[in-house]
Amino acid sequence: MDKWIKSLRPLLASQNLKMKNLIVVLGNEACDLDSGVSALALAYYIQTKDQDVRVYPVLNISSKDYVLKTELVHVLEKINIREDDLIFRDTIDLKKLDDLKLMLVDHNVLSKEDSDLEKCVVEVIDHHALERKENETTRMTVKTVGSCSTLVAEKIFSENPEFSDAVCLNLILQTILMDTVALKKEAKKVTENDINIVERIEAVLGPADRTAIFEDLWKAKGRYEHFSAYQLLRRDLKCVQTEKLKISLSSVPLLVEDFLSMKGVSEDLLKFVEEENVNIAMVLGYSVEQGTVRRDLLISCTGDTEISTRIAEALQAESAGLQLTHNEKFDKFGRYFHQGNVAGSRKQILPIVKRVACQP
């Protein structure tokens with residue numbers, strides 16, 4: 001698989017992109033480890049299955065932001081894959097490709113900016129809340145599991161039970177262990193599907209030290225000391241956008257209360273809001289120490305106060321299940337909350353924010 005990845009950029013440079021049978025596997029705009037590995041693994045599998053098509057995995061970020069994805073960089077560097085080997089949104093213009101077939105992984109709806117690519121979507125594999133309407137031209141696999149890579153592996157093994165590429169399977173294994181906190185049930189992220197795929201991969205590769213793998217990846221994800229607050233806001237970013245609103249949701253690898261103590265955080269938050277042209281910036285904090293997960297979040301006061309109030313009320317509702325407790329300590333930055341339900345990740349928060357944003 002690693003040799004195949006390294007062949008992609010030279011092949012792309014020499015390829016006639018008006019060719020027939022062109023498939024792009026596109027991850028989500030946060031481009032975290034799960035999104036990146038899901039795109040790479042699925043594209044590789046499809047290419048090995050059918051040599052008559054040309055398949056390109058595309059990381060759904062600009063190449064300048066790749067350095068911010070520390071756990072993805074870490075995992076790929078271990079197999080000698082560098083930024084120059086990968087394909088980003090500024091490497092290829094998807095909107096200029098003829099006869100494009102688009103496969104979405106780790107998300108099931110395109111961003112507003114990519115809505116004109118909708119006609120090209122032929123398959124979706126995702127573990128987030130279903131937002132896409134079913135149609136006859138798009139094959140959809142959307143299940144609640146800990147990691148999208150689990151669903152990619154399920155597809156691979158269901159179609160080719162003998163699949164044994166060690167590099168590909170090891171990437172998937174690491175990703176699932178990262179997303180599920182080494183399959184620990186107390187983290188409330190793992191499902192039977194995730195466990196079954198890890199066991200299936202270990203049957204091929206041999207037993208893994210699951211905790212050691214998770215801790216190595218968490219250490220890489222937590223390697224943020226050299227980043228500014230502005231870079232952390234961009235590092236793992238998703239946005240909700242309507243005709244009138246744009247709301248950003250930045251996941252950061254530390255608690256928000258620690259993020260807000262970073263040097264220049266006020267200025268960086270304002271810079272981020274202005275450059276991304278968002279009405280509301282949300283920061284979602286996450287920390288794992290000695291196996292204990294903690295979460296908190298901030299709804300910034302830099303934009304529309306009415307919509308921020310509505311978002312806060314929706315997230316505090318009992319039906320949201322987040323168990324938020326308001327703390328006035330950081331009121332100068334916005335509405336800050338401790339989160340009691342540590343299983344409530346951005347995957348659960350995003351649909352609530354989207355629903356509020358779409359209300360008249």
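Buried means under 20% relative accessible area, exposed over 50%, and partly exposed in between, with a 1.4 Å probe and protein chains only. This is a predicted model, in which local features need pLDDT of at least 70 and side-chain atom pairs count only at pLDDT 80 or more, while totals for chains, interfaces and linings use all residues. Residues are numbered from 1 along each chain as its sequence is written, and side-chain values use heavy atoms, with hydrogens and water left out.

**Salt bridges**

- The structure holds 19 salt bridges, each being a side-chain nitrogen of Lys or Arg within 4 Å of a carboxyl oxygen of Asp or Glu.
- Arginine 235 and glutamate 71 form one of these, at 3.9 Å from N to O; arginine 235 lies in helix H8 (residues 229–235) and glutamate 71 in helix H3 (residues 70–77), so the pair ties together parts that are 164 residues apart in sequence.
- Both arginine 235 and glutamate 71 are buried.
- Helices (H or I, at least four residues) and strands (E, at least two) are DSSP runs, numbered from the N terminus.
- Within helix H4, glutamate 159 and lysine 155 lie four residues apart, about one turn of the helix, and their side chains meet in a salt bridge of 3.0 Å, N to O.
- Glutamate 159 is partly exposed at 31% relative accessibility, whereas lysine 155 is buried at 9%.
- A network of salt bridges links Lys49, Glu123, Arg139, Lys155 and Glu159.

**Strand pairing**

- Strands E6 and E7 pair in the antiparallel sense over five bridges, where pairing requires that DSSP finds at least two bridges between two strands.
- E6 and E7 form a hairpin with four residues between them, and cysteine 239 stands opposite serine 248 in E7.

**Pockets**

- A pocket is an open set of points on a 1 Å grid over the protein atoms alone, where a 1.4 Å probe fits, with protein on both sides within 12 Å along at least five of seven lines; lining residues have an atom within 4 Å of a point.
- The largest pocket is lined by 42 residues, and Glu29, Leu110, Ser111, Glu113 and Cys239 lie nearest its centre.
- The elements giving two or more residues to the lining of the largest pocket are strand E6 (237–241) and helix H12 (346–357).
- The second largest pocket has 41 lining residues, with Lys189, Arg295, Ser345, Arg346 and Lys347 nearest its centre, and H12 provides the largest share of that lining, five residues.
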